[in-house]
Amino acid sequence: MDGTWTELSSIVIHEGMPADIILQDFILALPQGFEFDASSTPSVVVSGGTELLVHFGSISDSRLVLNVTQQSSSVPHTLTISGLKIRP
């Protein structure tokens with residue numbers, strides 16, 4: 001694919017209740033016809049407490065993988081992903 005990379009706005013995910021983001025890989029997949037800039041490393045920030053642990057796993061042309069290694073238990077947290085670039 002050719003084209004100019006476009007940086008996406010931050011993706012913000014709010015837990016409605018503690019433990020809404022569960023222990024598993026969190027995968028963000030692009031629709032056919034788009035690709036991630038796999039040479040970039042996005043920022044992953046958790047706010048609202050210290051319980052929820054989420055780490056950058058990997059990025060390829062078509063998907064981003066985040067690893068959730070600990071759930072929140074007492075208060076809802078917010079997960080913010082930034083620095084993602086895509087192109088058609």
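## Close-up views of a predicted model

**View 1. Arginine 87 and glutamate 35 join their side chains in a salt bridge, at 2.7 Å from N to O.** A salt bridge here is a side-chain nitrogen of Lys or Arg within 4 Å of a carboxyl oxygen of Asp or Glu. The two partners come from distant parts of the chain: arginine 87 lies in strand E9 (residues 85-87) and glutamate 35 in strand E4 (residues 35-36), 52 residues apart. Strands (E, at least two residues) and helices (H or I, at least four) are DSSP runs, numbered from the N terminus. Side chains of opposite charge can pair when their charged atoms come close. How many salt bridges does a search of the whole structure find? It finds one. Buried means under 20% relative accessible area, exposed over 50%, and partly exposed in between (1.4 Å probe, protein chains only).

*A note on all views.* This is a predicted model, in which local features need pLDDT of at least 70 and side-chain atom pairs count only at pLDDT 80 or more, while totals for chains, interfaces and linings use all residues. Residues are numbered from 1 along each chain as its sequence is written, and side-chain values use heavy atoms, leaving out hydrogens and water.

**View 2. Three strands make an open sheet in the order E3-E7-E6, with antiparallel pairing.** E3 and E6 stand at the edges with a single partner strand each, so one side of each has no neighbour in the sheet. Neighbouring strands of this sheet are turned by 25° against each other on average, direction ignored; axes are lines fitted to C-alpha atoms, for helices over the stretch in contact, and angles run from 0 to 180 degrees between N-to-C directions. Two strands pair if DSSP finds at least two bridges between them. Strand E3 (residues 25-29) is joined to strand E7 (residues 63-70) by five bridges, and here isoleucine 27 faces valine 65. Six bridges connect strand E6 (residues 53-59) with E7; look for phenylalanine 56 opposite leucine 66. A hairpin leads from E6 to E7 through three residues.

View 3. Five bridges tie E5 to E8, and valine 44 has isoleucine 81 in E8 as its bridge partner.

**View 4. The largest nonpolar core has 13 residues.** Such a core is a set of buried Ala, Val, Leu, Ile, Met, Phe, Trp, Tyr and Cys residues joined through side-chain atoms within 4.5 Å. Phe36, Val54, Leu64, Leu66, Leu79, Ile81 and Leu84 touch the most other members. E6, E7 and strand E8 (78-82) each supply at least two core residues, and E7 gives the most, with three. Not counting residues up to four places away in sequence, leucine 84 touches several residues, among them Leu8, Ile11, Leu28, Phe36 and Leu64; contact means heavy atoms within 4.5 Å.
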